[in-house]
Amino acid sequence: MKKTLLSLLFINAFIFVGFSQEEAFIIHTIGSTGSNPYVIDSGHLNPGAYPDIAVGTQTGNTVEIYINNEDGTFAAPIIKNLTQVGGIHIADIDGINGNDVLASSSGDNKLVWYANNGDGTFADEEIITDTVDGPGTIVTGYIDSDATLDIVLSVYGGSGDTDRVIWFANDGSPWTEQNVIPATAGLGCGNLDIADVDGDTDLDIVVNNTDAGTVELYYNNYNPLTDNNPVSFTESAGGDISTGNTYLFGIDFGDVNDDTFMDIVKVDLSGQEIAYYQNDGAGNFTEIIVNNSHPYPSIAFVTDLNNDGYNDIVAADGLNQNDDVFWFESDAFGVLGTETRITDNNLHNQVYNFTINDFDNDGDIDFATLGYQDGRLKWIENELNLLNIPQNQLNTVGIYPNPTSNSLKIIGLNEDTNVYVYDILGKKVLSQSIGTNKSLDVSKLQNGVYILKLENSDTSYRFVKE
């Protein structure tokens, strides 16, 4: 995200949209964070079954780890000191003791990680690099398709000519830094995301350039099936996916219309626009406006909020007061409805970021939210009248074991079938053709909740990787 925030935003009046009786969300306050909490992520950080939370603060200069007590509350945070945290991410970097915590310090120009000790505690910081000028958003993925998670980092560039996106191959110390986007003045690289957009088994990268007002998509040229050459990236043939944006803040991959192709969701905070770029599977993207009237939307994600098998969009507002979280429900044809409020306008003071996960382990998607100005961390419990994902629409197909750690057995198929696995953000993380009574290898997936879909069927299955 951009280092310089909008501290003063105009407040617009708007009409409250009431819930139907079938919908309900309960707000729980976790507690106060360090000053100006800015970034947040969630994932499993201890041996428990419930996801935990990591927060980074800007002027509080802290990384804060909140372990889930599995009763609707969270333990007092584990505090690590880091100057002006600009990015936070949960991932298993070393393959030992489960997920670790990564963080970037725009104050000290470094990227660090905190190793998980396996008992709910974390080691002191280990430096990946301390020579980057304004590091920000962090994501991880198998960039070079080996067995270790690699790291992608946006660099805002405080000196004016060091704006770029870089990735680090996880091949042991010292970490090797390589460019995705070479240093270019005036970009203002902010949020980014990673997914296989073109279906060639490697991971591609999208970034929003705050200063340039552009969304850029970079394809990974590495083909692990045929190529042992070094990884390189090439911008999409059509150039920028989006231009002319006022203040880009959020960017994410997600299959918005459930056609198995990764779309790109963008949020223009000052432009008051949420839109997605629909991927036709052939490298062409068409802009579809989701909403262009909500005051100062800050961040948006793709997820199946109401558990009906179709991906929705959930978003938050970045006003300096009267913030809210809201969503747009999708139907069987991939058409999004109008805005529905999840919270009223007293949630926080400036929501710049939130994370989604099943924090109470009841099978639906909840939220954890940050108030940049009020310094509060909350989680929002989802009590929608769930439609529930059909567990056996064909009456013959099933999956086991669930939860699983290595493989997922699919029984009851009558023929070879394409199977797609999505994470809770709607990103396709795995696709494979499966024969009758065969298993799907899920060992490389990070721990969490996933959705499995069968081609040419409305059937969806929720499973847990542990």
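What volume does the largest cavity have? The largest cavity has a volume of about 110 Å³.

## About the model

This is a predicted model, where local features need pLDDT of at least 70, side-chain atom pairs count only at pLDDT 80 or more, and totals for chains, interfaces and linings use all residues. Residues are numbered from 1 along each chain as its sequence is written, and side-chain values use heavy atoms, leaving out hydrogens and water.

## A four-stranded sheet

Let's start with an open sheet of four strands, in the order β18-β19-β20-β21, with antiparallel pairing. Strands here are DSSP runs (E, at least two residues), numbered from the N terminus, and two of them pair if DSSP finds at least two bridges between them. At the edges lie β18 (248–254) and β21 (285–291), each pairing on one side only. From one strand to the next, the twist averages 20 degrees, with axes being lines fitted to C-alpha atoms and angles running from 0 to 180 degrees between N-to-C directions.

Now look at β18 and β19 (residues 263–268): six antiparallel bridges join this pair. Here you can find F253 opposite I264 in β19.

## Space inside

A cavity is a set of points on a 1 Å grid, over the protein atoms alone, where a 1.4 Å probe fits but cannot get out. Points are joined across faces, edges and corners, and a volume is the space filled by probe spheres set on them. The count comes to two cavities of 30 Å³ or more.

Lining the largest cavity are 14 residues (each with an atom within 4 Å of a point). T303, D304, N311, D423 and I451 lie nearest its centre. The elements β31 (417–423) and β34 (448–454) each give two or more residues to this lining.

Key: 1 Å grid on protein atoms, 1.4 Å probe; cavity = no way out; pocket = protein on both sides within 12 Å on 5 of 7 lines; lining within 4 Å.
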